[in-house]
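Could you walk me through this structure, stop by stop? I have it open in a viewer and would like to know what to select next and what is there.

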Amino acid sequence: MMMPVAASAAEGDMRPATNCAVRLLDSLGGRGSNAIATSSSGLVVGLADTATGESAPVLWRDGRVAPLTIPLQTPVPTSVNADGVVVGTGYDTAGEVLVGWWWQNGQFHPLPVGPGDIALPSMVSDSGVVVGALINDEEHADGPGADDDERPAVWSAVTAAPRELRLPSGATSGHAFAIGTNGTIGGVALGDGGTPVLWAPNGTPKALPTLAGRGGVVLGIDSTGQALGQSAVPAGTHAVNWDASGRLTDLGAAAAGPTSTAMAGIPGIAVGTGSTPSFRASRPQAVMWVGKSARILPPGSDGQFAGVSGAANSVSRQGAATVVVGYSAAANGLRRATEWSCR
């Protein structure tokens, strides 16, 4: 259902975006869904409930939903590229182990790993490069691999063996979450706190500055090389960006609540979530930052669903429109996959 956004007052200090149309995406017959990522070709991946109440990985193409056949338990897609390559994770009940996978044109494949390793893919680029992390395949009381340190890694292709990324001095683990068009990789290094990191195409790590020295993480990189993510502040987290030289900008200062995160971006625009002073002191909302100006992307509604909050997970440019995907949430917590088209 497509609805223009009304220019009504927003909660806190953020105002609503008035140039966006919001649409709840089709489901698989169940009540809930969530759009996790979109591609430059307009493909969207996420999760949707079936009529029996199970959650299934799905691909939306031109707004039409189709399930992904993934022969694993609780498969979760994390990214899709312009060619329809999807990556994600799931649980192999026979081997009692997590599995990183890729899917294209109806075919499922495990993501290559070395002996004793598990793949945790986070993103696949339009050129087919995958970034994420590796963990050891070991048994633990709380699940295979649950206590292992993550090692940031990159796959030059979905059929290639992974290459581990070097950690900055003092870090013991880390995870790569994003890759830019020039091959720069972004993520986090963990040791004494979390350090946002950019890895050059040759694998050299560069620690980035944070707000108040309290840690942070890179979650996205736009086509200009600008990195986006979050940095901790005394009362929560703020959405931030780092330009190509590493200079830090606090985007969260424009949001009303104490917590915000930038998840993804295109040149001049970042999207993510921000809290507002409502609903037990904090109601998350989907947020679009145009420069340093924050605007709420109002949640979607239809005859059976009334959204009151939400989150923006991914963004792409589709012709003249900026297309954002994420979810709207009702007062009872039910989520529906949502697409905002802004001009």
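This is a predicted model: local features need pLDDT of at least 70, side-chain atom pairs count only at pLDDT 80 or more; totals for chains, interfaces and linings use all residues.

**Stop 1: the disulfide**

Select cysteine 20 and cysteine 342 and show their side chains: a disulfide joins them, with an S to S distance of 2.0 Å. Cysteine 20 belongs to strand β3 (residues 20–24) and cysteine 342 to strand β30 (residues 335–342), so the bond ties together parts that are 322 residues apart in sequence. A search of the whole structure turns up one disulfide, and this is the pair to look at. The torsion about its S-S bond is about 110°, so the disulfide is right-handed.

**Stop 2: an open sheet**

Switch to a cartoon view and colour the strands β4, β5, β6 and β7. They form an open sheet of four strands in the order β4-β5-β6-β7, with antiparallel pairing. At its edges you will find β4 (29–38) and β7 (64–67), each pairing on one side only. On average, neighbouring strands of this sheet are turned by 35° against each other, direction ignored.

Next, zoom in on β5 (residues 44–50) and β6 (residues 55–61), an antiparallel pair joined by six bridges.

**Stop 3: charges over rings**

Which ring does arginine 335 lie over? Select tyrosine 327 along with it: arginine 335 lies over the face of that ring, at 4.0 Å from the ring centre. Then move to arginine 336, whose charged end sits over the ring of phenylalanine 305, 5.6 Å from its centre. If you go looking for pairs of aromatic rings, a search of the whole structure finds zero of them.

**Stop 4: two positive phi angles**

Most residues other than glycine have a negative phi, which makes the last two selections worth a look. Pick glutamate 96 in the loop between β9 (86–92) and β10 (97–104). Its phi is positive, about 50°, although glutamate 96 is not a glycine. Glutamate 96 is partly exposed, with a relative accessible area of 45%.

Finish at alanine 212, in the loop between β19 (205–207) and β20 (216–221). Alanine 212 has a positive phi of about 60°, again without being a glycine. Is alanine 212 buried or exposed? At 59% relative accessibility, alanine 212 counts as exposed.

Terms used. Residues are numbered from 1 along each chain as its sequence is written. Side-chain values use heavy atoms; hydrogens and water are left out. Rings of Phe, Tyr and Trp (its six-membered ring) pair if their centres lie within 6.5 Å; planes under 30 degrees apart count as stacked, over 60 as edge-to-face and the rest as tilted. A charge sits over a ring if NZ of Lys or CZ of Arg is within 6 Å of the ring centre and within 35 degrees of the ring normal. Two strands pair if DSSP finds at least two bridges between them. Axes are lines fitted to C-alpha atoms, for helices over the stretch in contact, and angles run from 0 to 180 degrees between N-to-C directions. A disulfide is a pair of cysteine sulfur atoms within 2.5 Å. Buried means under 20% relative accessible area, exposed over 50%, partly exposed in between (1.4 Å probe, protein chains only).
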